[in-house]
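Here are my notes for your review. Please read them with the model open beside you.

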Amino acid sequence: MTGLTPTVVDGPAAAGVAAADAIGSVIEANPAAAVVVATGRTPMDTYRVLADRATSGLETSRLRVFQLDEYVGVAPDDDRSLSGWMDRSFVGPLGIDPSSVVRLDALAPDHDAICAGYEHAVGMAGGFDLAILGLGPNGHLGFNEPPSDQTSPTRVVDLTDESLASNTAYWGPGRVPSRALTAGMDLLLAARRVVLIVTGDAKRDILRRALTEPPTPSVPASFLQDHPDTLVIADRAAWGR
């Protein structure tokens, strides 16, 4: 086990360009790629760069997009909806047909059926060609909260205190739902290419644990060390000098 070495860039804007370069290469090779898409602040620079490139020739409209995670009980028109955030930042700006998007229905009464349907859709797509991910404050990928191992499926999870605190920065105190649906670790780790984007000094300790310490369910992202094609892009604040 040698761990993972990140590509280190100067700041979030540079991370956005580097990640867009990597993602663009996948899209150029396969314009109909199946892509699972993170939200959160970290990938927004990347998505803006991709949107600019889409207007100047990058063919993105044929992508098949999969939602990474969603809060349970949040409607699509709620300002907290991660589905809505994905639409505003990725699906719309890249000109992707909404019918090509597979979502996690947070309002459906039967969560098991929703998760099974999502897994079936991923299987019908041939698995993810690309997973665009961020790193949670406790090492989660999507909302695969610790402990999560390589076999953790698509499911409903209870959010940890770390995730609730982190998400409060988006929605304000008392507005973060306590449960979420998430694509499973099994699907994410089976993606043919993973691009993990990490910025900011708040992620420095967990990033080093994820990349340099032995893989463990207590840091789910650490299992990326065993993935055959993961690119980690970190800014200097996240990795240090």
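1. Start with R80. R80 is buried, at 18% relative accessible area; buried means under 20%, exposed over 50%, and partly exposed in between, with a 1.4 Å probe and protein chains only. R80 sits in the loop between β4 and α3. Apart from neighbours within four places in sequence, R80 touches E70, Y71, V74, W171, R175 and P177. Contact means heavy atoms within 4.5 Å.

2. A word on the source. This is a predicted model, where local features need pLDDT of at least 70 and side-chain atom pairs count only at pLDDT 80 or more, while totals for chains, interfaces and linings use all residues. Residues are numbered from 1 along each chain as its sequence is written, and side-chain values use heavy atoms, with hydrogens and water left out.

3. Next, the largest pocket. The space in the largest pocket is about 500 Å³. A pocket is an open set of points on a 1 Å grid over the protein atoms alone, where a 1.4 Å probe fits, with protein on both sides within 12 Å along at least five of seven lines. Its volume is the space filled by probe spheres set on the points, which are joined across faces, edges and corners.

4. The lining of the largest pocket has 27 residues; T39, G40, L135, Y170 and K203 lie nearest the centre. Lining residues have an atom within 4 Å of a point. By class, 13 are nonpolar, eleven polar and three charged. Nonpolar covers Ala, Val, Leu, Ile, Met, Phe, Trp, Tyr, Cys and Pro; charged covers Asp, Glu, Lys and Arg; the others, Gly among them, are polar. β4 (69–71), α3 (82–91) and α5 (161–171) each supply at least two lining residues. The most come from α5, with four. Helices (H or I, at least four residues) and strands (E, at least two) are DSSP runs, numbered from the N terminus.

5. Look at α4, residues 111–124. Its 14 residues reach 20 Å from first C-alpha to last, close to the 20 Å expected at 1.5 Å a residue. The expected span is 1.5 Å times one less than the number of residues. H111, I114, C115, Y118 and V122 are the buried residues of α4. Down the axis of α4 they fall within an arc of 95°, so they line one face of the helix. The arc is that of the directions from the helix axis to the C-beta atoms. The face turned away from this buried side of α4 carries exposed D112, H120, G123 and M124. The buried residues of α4 pack against several elements, including β2 (34–37), β3 (64–67) and α6 (185–189).

6. Compare α2, residues 44–55. M44, T46, Y47, V49, L50 and A51 are buried in α2. The packing partners of these buried residues are α1 (12–29), β2, α3, β6 and β9 (193–198). After α2 comes G57, with a positive phi near 125°.

7. P146 and P147 are joined by a cis bond, with omega about 0°. P147 lies in the loop between β6 (130–134) and β7. Most peptide bonds are trans.

8. V219, between α7 (204–212) and β10 (230–235), is buried at 2% relative accessibility. L107, between β5 and α4, is partly exposed at 48%. Beyond neighbours within four places in sequence, L107 contacts G73, V74, A75 and P76.
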